[in-house]
Amino acid sequence: MSVLTRDEAQTRAELLDVHRYTIELDLTGGDDTFDSHTRIAFSARTDGDTFVEIKPAELRSVTLDGHPLDPRDLDGNRLPLKNLTAGEHELRVHAAMRYSRTGEGMHRFTDPTDGATYVYTQLFLDDVQRVFAAFDQPDLKAVFELSVRAPQEWTVLANGITEHTGDGHWRAAATPPISTYLVAVAAGPWHSVRTEHRGLPFGLHCRRSLAPYLDADADELLDITRACYDRYHEKFDEPYPFDSYDQAFVPEFNAGAMENPGLVTFRDEFVYRSAVTDTERQTRAMVVAHEMAHMWFGDLVTLKWWDDIWLNESFAEYMGYQTLTEATRFTDTWTDFGVTRKAWGYDADQRPSTHPVAPEAVDDTASALLNFDGISYAKGAGALRQLVAWLGEKDFLAGINTHFARHRFANATLADFIDSLAGATERDVHAWADAWLRTTGVDTLTPHIAPGDHGTCALTVDRAGGRPHRIAVGLYDRDLGDDGGQLVLRERLHLDLPQDGAHPVGKRPALLLLNDGDLTYAKVRFDPESFETVRKDLSGLPAPLSRAVVWNALRDAVRDGELAPGAYLETARAHLPLETDLAIVQGVLAFAATHITDRYLTPEERPAALATLSELCRDLIRRTEDGDNPGLRLIAVRHRIAVAAHPDTIAAWLADGTVPGGPELDPELRWRVLARLAVLGATDEAAIAAELERDPSATGQEGAARCRAALPDPEAKARAWEAMFGSDELSNYLFAATARGFWQPEQADLVREYVPRYYADAIPVAERRGPAIAAAVGRDAFPAHAVDADTLRLGEECLRDAAPTPALRRALVDQLDDLARALRVRESGRPA
């Protein structure tokens with residue numbers, strides 16, 4: 001299949017205006033394919049040749065202006081349209097299209113709980129071609145009219161309000177002009193909760209088997225949706241641009257959600273079957289806010305080409321967190337952003353695959369797909385937060401509203417957006433954009449405190465990197481009261497970097513914290529005395545966001561080989577039992593378990609680290625025995641299961657169906673326990689089958705796949721490997737679940753023979769099954785536990801001598817860089 005290049009897209013956009021698509025889909029024909037009829041009304045500005053894209057199972061007929069074209073002219077995914085004359089044209093295409101099991105195109109899923117079948121589209125970035133014929137590029141916007149024939153018991157959802165016209169036929173209201181990748185259909189026997197807000201239809205939809213769980217959270221979801229809707233209307237002059245707002249929670253979804261106008265699709269793990277923390281509810285709420293922001297950033301005004309992904313994702317990310325903070329009960333969202341999303345951005349920005357937030361050279365769609373990463377989301381949002389701190393929110397919003405007014409229902413570029421901002425301020429926004437959006441890497445800020453007269457001192461900040469920063473600097477003194485261990489904010493300074501000379505700070509503070517409030521995107525370091533204060537009194541910092549900045553700094557220092565992994569664990573052991581913010585607890589425990597114990601420490605050091613984390617979790621469980629903090633207790637229980645080195649305790653929990661003092665083991669916790677018991681060799685196939693009979697849901701199927709792949713048995717490993725790499729039967733979710741069970745640090749000797757096999761087998765399966773599976777092969781199936789020079793050498797040889805698909809190559813580049821970093825961290829931690 002040919003990918004679309006930027007040059008080809010520009011040439012086609014100069015030739016064509018696309019007016020309207022009329023699409024008829026028939027979903028009643030069987031389990032493998034569906035019928036697709038497309039009529040495209042377009043005009044050519046001059047005489048010329050072009051092409052339309054489609055990826056059919058069978059191309060049945062094509063006519064251009066009533067004249068038949070030969071379906072055999074289809075070349076890969078391109079059907080040539082030759083000798084077009086200037087003026088109006090109509091193209092008709094009839095094809096059979098394949099359903100997908102990988103979350104791309106028209107995904108088909110049968111619920112193992114009740115046998116009900118659902119289909120939905122995911123047409124991003126160039127997968128519209130899997131559903132209907134299209135001039136598939138974002139700057140050829142058009143009106144879409146859609147009709148669907150479906151089984152009688154199904155409901156059909158689409159971008160516009162849908163109407164059942166009888167006999168399984170549904171018609172959707174015509175859309176305003178939108179890009180091809182934003183068209184959406186979701187069909188099946190949905191359970192729906194419907195309401196109205198300000199005269200606009202709102203809907204929530206999920207599989208029937210999830211109905212009670214959606215109903216339990218419907219008020220919360222709708223309250224958040226209404227609050228965000230109202231707040232965006234306070235921020236934006238342009239009203240919501242579509243005729244309805246449906247949110248469908250769909251199975252086996254590859255992303256968190258997709259911003260289809262009027263029909264946002266979410267992964268249905270956000271319909272919670274089991275207990276979750278309030279931070280997880282906050283994350284779901286942020287995704288709701290993020291996707292609604294896309295109705296303006298991405299849907300109303302759309303990027304012209306994929307080099308401006310950040311105009312979609314960075315803005316939706318920033319607006320999601322900020323609007324949630326302003327409009328809902330989740331008022332501390334930036335702490336979670338700092339702990340989870342920002343770390344994602346920092347990591348991505350230090351790999352060889354890094355790229356600018358707004359890259360200038362995205363040559364084709366395959367390259368563009370790789371840029372949906374921690375840079376386009378987290379770094380871009382961090383840069384926008386810094387922009388607002390530097391520019392002021394009033395001017396920022398004025399520039400945004402100018403941008404919407406200039407480009408509504410059209411396309412725009414970085415230059416267009418910067419011009420809109422520049423008109424709202426006297427500041428040099430163009431220079432800011434060059435420094436922040438066209439460069440790569442993470443700046444590092446290091447404080448230096450020099451003594452002055454009469455016990456005073458002055459601050460200078462070294463900046464490794466070239467970006468300007470507006471930061472806050474927190475000066476903290478120790479509380480000398482009875483409690484001790486507490487830090488009190490004396491003053492928060494505001495500095496512009498590079499600074500002009502030293503800044504007086506009065507007497508020497510116990511802790512000087514750069515980037516207090518986390519308003520910029522940069523790594524920070526500590527002066528020696530401040531580091532001692534962090535080590536002793538971190539939990540005494542009063543604000544969660546300040547503590548998040550410190551924990552991120554410690555995380556970065558470990559990754560950079562400047563802080564021993566064991567020292568990080570000691571700090572966590574000392575201060576996490578006193579932590580009150582759930583996002584921080586979860587983030588620190590996750591880094592400690594997945595990076596430090598599994599990668600940065602040697603196999604010989606790992607048992608002691610697991611014991612430390614186990615003791616820490618036991619402390620948290622004891623602290624929450626009174627039931628006042630069920631979210632903290634749930635986090636502690638989850639991680640106590642994950643780090644269990646011996647099966648007795650967690651096996652007793654599973655047998656009793658509860659943790660002593662709670663919580664009871666719901667399906668999610670039961671599968672967690674069984675997966676860990678499988679790793680430890682303390683369960684078997686019979687127990688897994690019995691648990692699956694108890695929970696035959698889709699989530700149960702994934703849990704069983706993970707447990708079976710985790711069994712320390714050569715035959716179980718062989719079956720799992722064959723399922724992943726020898727067969728194409730696994731869906732995207734079952735592939736990921738199997739991969740996550742397969743590699744375990746405790747089983748390094750058992751799976752050693754599979755490490756070299758990985759590189760040989762990964763390439764063909766990625767080629768056969770496409771980008772979504774390729775990403776899972778690189779993300780979930782990579783032998784990340786094998787931190788040694790041989791694994792690194794094998795991977796480098798694969799990149800040099802083989803030809804991985806772009807998605808797999810990118811994943812391998814990142815994984816191998818992380819592996820090399822882990823080796824350096826291990827080396828830096830050895831005694832001299």
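**Close-up views of a predicted model**

View 1. Strand β1 (residues 16-26) and strand β10 (residues 143-149) run parallel and are joined by seven bridges. Within this pair, Arg 20 stands opposite Val 143 of β10. Contact means heavy atoms within 4.5 Å. Helices (H or I, at least four residues) and strands (E, at least two) are DSSP runs, numbered from the N terminus. This is a predicted model, in which local features need pLDDT of at least 70 and side-chain atom pairs count only at pLDDT 80 or more, while totals for chains, interfaces and linings use all residues. Residues are numbered from 1 along each chain as its sequence is written, and side-chain values use heavy atoms, with hydrogens and water left out.

View 2. Two strands pair if DSSP finds at least two bridges between them.

**View 3. The five-stranded sheet.** A sheet of five strands, open and with mixed pairing, has the order β15-β16-β17-β19-β18. At the edges are β15 (191-197) and β18 (257-258), each of which pairs on one side only. Four bridges link strand β16 (residues 200-206) to strand β17 (residues 245-250) in the parallel sense. Leu 204 has Gln 247 of β17 as its bridge partner.

**View 4. Packing of helices α3 and α4.** Helix α3 (residues 278-294) packs against helix α4 (residues 310-327) at an angle of about 125 degrees, and their axes are 8 Å apart. Axes are lines fitted to C-alpha atoms, for helices over the stretch in contact, and angles run from 0 to 180 degrees between N-to-C directions. The angle makes α3 oblique to α4 (under 35 degrees is roughly parallel, over 145 roughly antiparallel, 65 to 115 roughly perpendicular and the rest oblique). The crossing of α3 past α4 is right-handed (the near helix is turned clockwise from the far one by less than a right angle). Among the contact residues are Ala 285, Met 286 and Ala 289 of α3 and Ala 316, Met 319 and Leu 324 of α4. By class, the contact has eight nonpolar, five polar and two charged residues (Ala, Val, Leu, Ile, Met, Phe, Trp, Tyr, Cys and Pro count as nonpolar, Asp, Glu, Lys and Arg as charged, and the others, Gly among them, as polar).

**View 5. Packing of helices α7 and α10.** The axes of α7 (residues 375-391) and α10 (residues 429-437) come within 12 Å and cross at roughly 150 degrees. This makes α7 roughly antiparallel to α10. Helix α7 passes α10 in a right-handed crossing. Ala 383, Gln 386, Leu 387, Trp 390 and Leu 391 of α7 make the contact with Val 429, Trp 432 and Trp 436 of α10. Seven of these residues are nonpolar, one is polar and none is charged.

View 6. Ala 116 lies in the loop between β8 (105-110) and β9 (117-122). With 6% relative accessibility, Ala 116 counts as buried (under 20% relative accessible area, with exposed over 50% and partly exposed in between; 1.4 Å probe, protein chains only). Leaving aside neighbours within four places in sequence, Ala 116 is in contact with Phe 109, Thr 110, Asp 111, Pro 189 and Arg 208. The C-alpha atoms of Ala 116 and Trp 190, 74 residues apart along the chain, are separated by 9.6 Å.
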